[in-house]
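Colleague: I have this model open and would like to learn how to read its side chains. Can you walk me through some features?

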Amino acid sequence: MDTAQIINADSLDNLAPCKLSTRKVDFFYGRNQALFDVSLDFPANRVTALIGPSGCGKSTFLRCLNRMNDLVPGARVEGSILLDGDDINAPGTDVVALRRRVGMVFQKPNPFPKSIFENVAYGLRVNGMSRASAIADKVEETLRRAAIFDEVKDRLHVSALALSGGQQQRVCIARALAVDPEILLMDEPASALDPIATQKIEESIHELKSHVTIIIVTHNMQQAARVSDRTAFFYMGRLIEHDDTEIIFTRPALKQTEDYITGRFG
């Protein structure tokens, strides 16, 4: 696919300021190039879904957005990734501060081997909050935002590892939200969960976007259609088409996008 064929529409982008943008991003694992010339805007307080077949670069791209790929030996990014207009890869960037602003929830729930309360309180303490009552209030507030508080309010001091997979994932969402990120990256957050737990995660996403910009990688086309305002289709490391989700799923501009959406490949 020639990058000149990439389709870009701006109807929702015009309704919200751009929170994060990428310009001509290329990414390499050593000598192997995984992303090619990806330019994409993420409007504030919207949910953007990244879709495409396995190995197309979605998760690699997502991890570029808070420099998680820095942890991979030989990884290299070229191009610009702008958060409120500032390049996150500029020399001198405080990566710890960046990851406070751009939090992440992973595919597999990964709570700390601590109590539910301490999972959420950990980041607060690391960031200097020390007053017990303030921590307790913030833990409750954050668990409510992640739609888990009512289920765990009587066992906050039980190990988070004792929870179901869906509950663990919502505790992980709460943990990421506790430090008030501006953007939340979600890498297939419901792929290992049952339908009921998946529904709760999706309900959380709907509630959260009034406070935070969300970018979610998903293989589930129905999920992308349900939760996102914008959808970006990736194939073989390239951004093929992006638009309002309703347009992508009902009248995409490119046959390649239509073929993927309708299950003809992928």
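Predicted model: local features only at pLDDT ≥ 70, side-chain atom pairs only at ≥ 80, totals over all residues.

Colleague: Let's start with the backbone. Which value does phi of Arg67 take?

Modeller: Most residues other than glycine have a negative phi. Phi of Arg67, though, is near 60 degrees. Arg67 sits in the loop between α1 (58–64) and β5 (75–83); helices (H or I, at least four residues) and strands (E, at least two) are DSSP runs, numbered from the N terminus. Met236 also isn't a glycine and has a positive phi of about 50 degrees, in the loop between β10 (230–235) and β11 (238–244).

Colleague: Are Arg67 and Met236 buried or exposed?

Modeller: Buried means under 20% relative accessible area, exposed over 50%, and partly exposed in between (1.4 Å probe, protein chains only). Arg67 has 15%, so it is buried. Met236 has 57% and therefore counts as exposed.

Colleague: How many residues are in the largest nonpolar core?

Modeller: In soluble globular proteins, nonpolar side chains tend to be buried together. By a nonpolar core I mean a set of buried Ala, Val, Leu, Ile, Met, Phe, Trp, Tyr and Cys residues joined through side-chain atoms within 4.5 Å. The largest one has 45 residues, and Leu143, Ile173 and Leu184 touch the most other members. There's also a second, separate core of 28 residues, which includes Val38, Leu65, Leu185 and Val217.

Colleague: Now a charged residue. What does the side chain of Arg170 do for polar contacts?

Modeller: A polar contact is a pair of N or O atoms within 3.5 Å; within protein, one must be able to donate a hydrogen and the other to accept it, and residues adjacent in sequence count only if both atoms are side-chain atoms. The side chains of Arg170 and Glu151 are joined by one of 2.8 Å, and a polar atom of the Arg170 side chain lies 2.6 Å from the backbone oxygen of Ala147. Arg170 belongs to helix α6 (residues 165–177) and is buried because its relative accessible area is 3%. For comparison, look at Arg144 in helix α4 (residues 132–145): at 45% relative accessible area, Arg144 is partly exposed.

Colleague: And the aromatics: how many pairs are there?

Modeller: Rings of Phe, Tyr and Trp (its six-membered ring) pair if their centres lie within 6.5 Å; planes under 30 degrees apart count as stacked, over 60 as edge-to-face and the rest as tilted. That rule gives five aromatic pairs. In one of them, Phe61 and Phe234, the ring centres are 5.4 Å apart and the planes sit at 40 degrees, so the pair is tilted. Phe61 is in helix α1 and Phe234 in strand β10, 173 residues apart. Ring pairs also link Phe42, Phe61 and Phe234 into a cluster.

Colleague: Which residue lies over the face of Phe112?

Modeller: A charge sits over a ring if NZ of Lys or CZ of Arg is within 6 Å of the ring centre and within 35 degrees of the ring normal. Over Phe112 that's Arg175, at 4.2 Å from the ring centre. Arg76 likewise lies over the face of Phe28, at 4.1 Å.

How values were computed:
Residues numbered from 1 in each chain as written. Heavy atoms only, no water.
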